Amino acid sequence: MKKIVLLFAITATLFACKDVDEDEVVTTNYNMTFNFTQNWDGEEITNPDYQTTVYTNANGEELTISKLDYLISNITFTDEDGEKTVIEGYNIMNARDGVNTQYSPSRKIPEGEYTVSFTFGFDDEDNIDGAYPELNSNPWSWGVPEMLGGGYHFMRLEGMFADNTGTQTPYLYHAIRAATVIGENPETEDTSFETELGTVTISQDTTIEIKMNVAEWFKNPNEWDLKELNSNLMMNAEAQRMISANGKSVFSLGTVE
Amino acid sequence: MIFFRKTYIIFYVAFSCFLITSCAKDGEDTPKDEGYEPTPLSLEIPPIFQERISPPVIPQDNPQTAEGVALGKKLFFDPILSGDNTLACAGCHAPAEGFSDSRQFSPGIDGIEGNRNSMPLFNLAWNYQENFFWDGRASSLENQALQPVVDPVEMHNTWPNAVSSLQATSDYPELFSKAFGTSNIDSTLVSKAIAQFIRTLISSNSRFDQYLRGEIELTESERNGLQVFEDENRGDCFHCHGDPNNPLWTDNDFHNNGLDKVFEDLGRGGVTGDPREFGEFKTPSLRNLAYTAPYMHDGRFETLEEVIDHYSEGLVYSETIDPLMKTVGEGGVQLTEKDKQDLKAFLLSLSDESFINDPDFQKP
């Protein structure tokens with residue numbers, strides 16, 4: 001008898017929980033998972049490729065990749081009426097080790113058809129110096145020095161390329177907000193950008209693949225010359241503008257299921 | 001049905017055992033049986049850490065307690081854990097030396113030296129990846145504390161022997177009982193107590209911290225040194241060692257910073273077996289450098305001048321060199337004499353005298 005009472009109590013609690021959940025959502029809202037993948041002109045880049053697979057960029061330079069960490073923010077679902085549902089917040093990931101490459105925000109999306117977009121990096125409103133404890137310290141080391149206006153990196157793409165003489169030379173393709181004046185009173189220009197992936201129909205819990213074609217960072221509109229632009233790019237506002245321009249064709253929608 | 005009965009029997013037996021053991025403990029009069037709980041002791045998190053970085057890592061099964069920390073401290077300074085009763089943890093981790101060792105290699109009880117420089121111990125509760133040692137082979141502070149006791153070139157003991165030595169003393173059984181509710185000492189409890197003590201070793205009062213708190217001004221030289229540290233065209237140190245928003249002054253990640261062409265010590269790669277990680281070592285914090293010489297995993301540099309010269313002119317190429325060593329082609333970042341001096345002044349502003357003199361951290 002006691003057991004039955006207990007069972008009843010447990011079941012009642014379970015149902016009570018469920019009721020609360022359903023009150024909150026009312027209509028059918030679905031969980032979104034974003035699956036970030038990386039490729040070089042269609043050839044998938046996975047952990048064993050780092051530091052070993054040699055890629056050739058648009059400018060004909062041979063390179064390997066050691067590190068690919070990047071941050072995106074405010075994924076936005078815009079419906080046919082232009083109504084926006086914004087998943088506020090950021091996702092920072094380490095592509096090499098697959099850290100955070102699956103991003104499952106708690107915000108749910110109602111049934112419907114949407115255009116999906118997100119911000120690469122942080123826009124000025126969110127790029128607040130020191131504001132995110134997770135990004136300030138290990139392992140991300142994501143801060144931008146005060147003399148460059150502070151805030152955070154958007155991407156650290158690092159590796160080695162063969163220079164004119166075939167010597168392995170480091171490159172550090174770091175994307176940040178451009179610093180147009182460097183020093184005690186820095187001035188900046190917002191070089192984060194919004195990227196639109198295309199349309200998706202949401203009628204169930206959905207996983208959306210967001211592909212990064214790393215080759216595009218070196219391709220268009222600016223054919224990247226690593227011999228000229230391989231490091232100290234954070235202090236180079238023009239390079240940041242070029243990175244921002246090239247980034248617009250880097251991301252695309254992959255499988256939606 | 002047979003299965004059910006068997007499970008039932010096993011459960012019954014287990015339960016009886018439990019009853020029996022609890023009875024046995026009753027006899028020893030341990031406080032646990034009276035519902036004893038040690039006194040919770042929360043870590044004193046410095047405001048700068050609170051504001052800027054994520055909370056410390058404290059395992060759920062080893063909360064900080066006043067009795068646990070006190071016991072851990074006693075163990076840390078007590079040579080009883082070593083094979084011949086001569087060497088304590090503190091023998092290679094001296095408070096005055098930032099809990100490291102001024103000798104390049106620290107001899108163990110048999111006089112044999114290892115091949116790595118002792119590491120300073122502070123702010124380790126904020127190592128979120130929990131990779132300890134130069135190569136990250138220990139996965140928590142508890143796990144780490146188990147190793148030196150049995151390391152043949154360190155304390156060269158066995159755990160059964162260490163535990164029975166402790167058990168045979170007049171004071172330790174009671175101290176364990178106060179800390180963990182049982183006077184039955186084992187290696188897990190020893191490691192838990194030591195880890196609790198190590199988590200209390202917090203350094204957050206350097207000149208630079210005082211400057212961040214608005215209490216003092218930096219000197220002209222220290223200010224320029226910070227610029228050198230953060231300037232991509234000069235030092236570019238911050239990508240690995242952090243910036244003023246990261247009071248840890250390390251990324252706790254593994255890098256090859258261009259020390260050697262050929263590796264005698266494979267570092268991280270020796271643990272993971274991944275050739276892409278050969279010659280990588282954990283980035284050390286830059287706090288308390290004034291007390292922690294010599295430097296690098298093998299203590300090869302005696303002075304900060306040598307360290308700075310390494311980054312400025314001494315970089316050596318190897319296949320796994322970190323791309324952040326971007327000027328390896330020219331041997332380094334080529335700092336001017338003045339920038340070198342200022343960089344050193346800035347680095348020293350991260351040293352915390354009140355940490356090494358903290359009465360809570362001295363030999364009891």
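Across the interface of chain A and chain B in this predicted model, 13 residue pairs are in polar contact, with both partners at pLDDT 80 or more. What about salt bridges between chain A and chain B: how many are there? The count is zero.

Chain A brings 36 residues to the contact, and chain B brings 34 residues. Together they bury an area of about 2,700 Å², and carbon and sulfur atoms give 51% of that. Three residues stand out here: A:Asn138, A:Met147 and A:Asn232 supply 21% of the area that chain A buries against chain B, more than any other three residues.

Which elements of chain A give two or more residues to the side that touches chain B? They are helix H2 (133–136), strand E10 (155–162) and strand E11 (168–175). E11(A) gives the largest share, five residues.

| Property | Chain A | Chain B |
|---|---|---|
| Secondary structure | three helices and 16 strands | 14 helices and two strands |
| Residues | 257 residues | 364 residues |
| Residues that count as buried | 50% | 54% |
| Accessible surface | about 11,900 Å² | about 16,500 Å² |
| Carbon and sulfur share of that surface | 47% | 56% |

Then there are the contacts between residues at least 6 apart in sequence. In chain A, 68% of them join residues at least 24 apart, and in chain B the figure is 66%. As for dimensions, the C-alpha trace of chain B spans about 75 × 50 × 45 Å along its principal axes.

**Zooming in on chain A**

Take A:Leu226, which sits in the loop between strand E15 (206–213) and helix H3 (237–247) of chain A. Is A:Leu226 buried or exposed? A:Leu226 counts as buried because its relative accessibility is 1%, and the cut-off for buried is under 20%. Leaving aside residues up to four places away in sequence, A:Leu226 touches A:Asn57, A:Asn59, A:Glu61, A:Leu63, A:Phe161, A:Tyr171 and A:Phe218. A:Ser73 makes another reference point: A:Leu226 and A:Ser73 are 153 residues apart in sequence and 28 Å apart in space, going from C-alpha to C-alpha.

**Zooming in on chain B**

B:Ser204 also has its place in a loop, the one between helix H7 (187–199) and helix H8 (207–212) of chain B. With a relative accessible area of 17%, B:Ser204 is buried. Which residues does B:Ser204 touch, not counting those up to four places away in sequence? The list is B:Pro46, B:Phe49, B:Asp209, B:Arg213, B:Arg287 and B:Asp352.

Last stop: helix H9 (residues 220–230) of chain B. Its buried residues are B:Glu222, B:Asn224, B:Gly225, B:Leu226, B:Val228, B:Phe229 and B:Glu230. And what covers the buried residues of H9(B)? The cover includes H8, helix H10 (238–241) and helix H13 (337–348) of chain B.

Methods:
Residues are numbered from 1 along each chain as its sequence is written. Chains are lettered from A and ligands numbered from 1 in the order in which they are written. This is a predicted model: local features need pLDDT of at least 70, side-chain atom pairs count only at pLDDT 80 or more; totals for chains, interfaces and linings use all residues. Side-chain values use heavy atoms; hydrogens and water are left out. Contact means heavy atoms within 4.5 Å. Buried area is the accessible area (1.4 Å probe) that two parts lose on being put together, summed over both. A salt bridge is a side-chain nitrogen of Lys or Arg within 4 Å of a carboxyl oxygen of Asp or Glu. A polar contact is a pair of N or O atoms within 3.5 Å; within protein, one must be able to donate a hydrogen and the other to accept it, and residues adjacent in sequence count only if both atoms are side-chain atoms. Helices (H or I, at least four residues) and strands (E, at least two) are DSSP runs, numbered from the N terminus. Buried means under 20% relative accessible area, exposed over 50%, partly exposed in between (1.4 Å probe, protein chains only). Accessible areas come from the Shrake-Rupley method with a 1.4 Å probe; for residues, only the protein chains shown count as cover.
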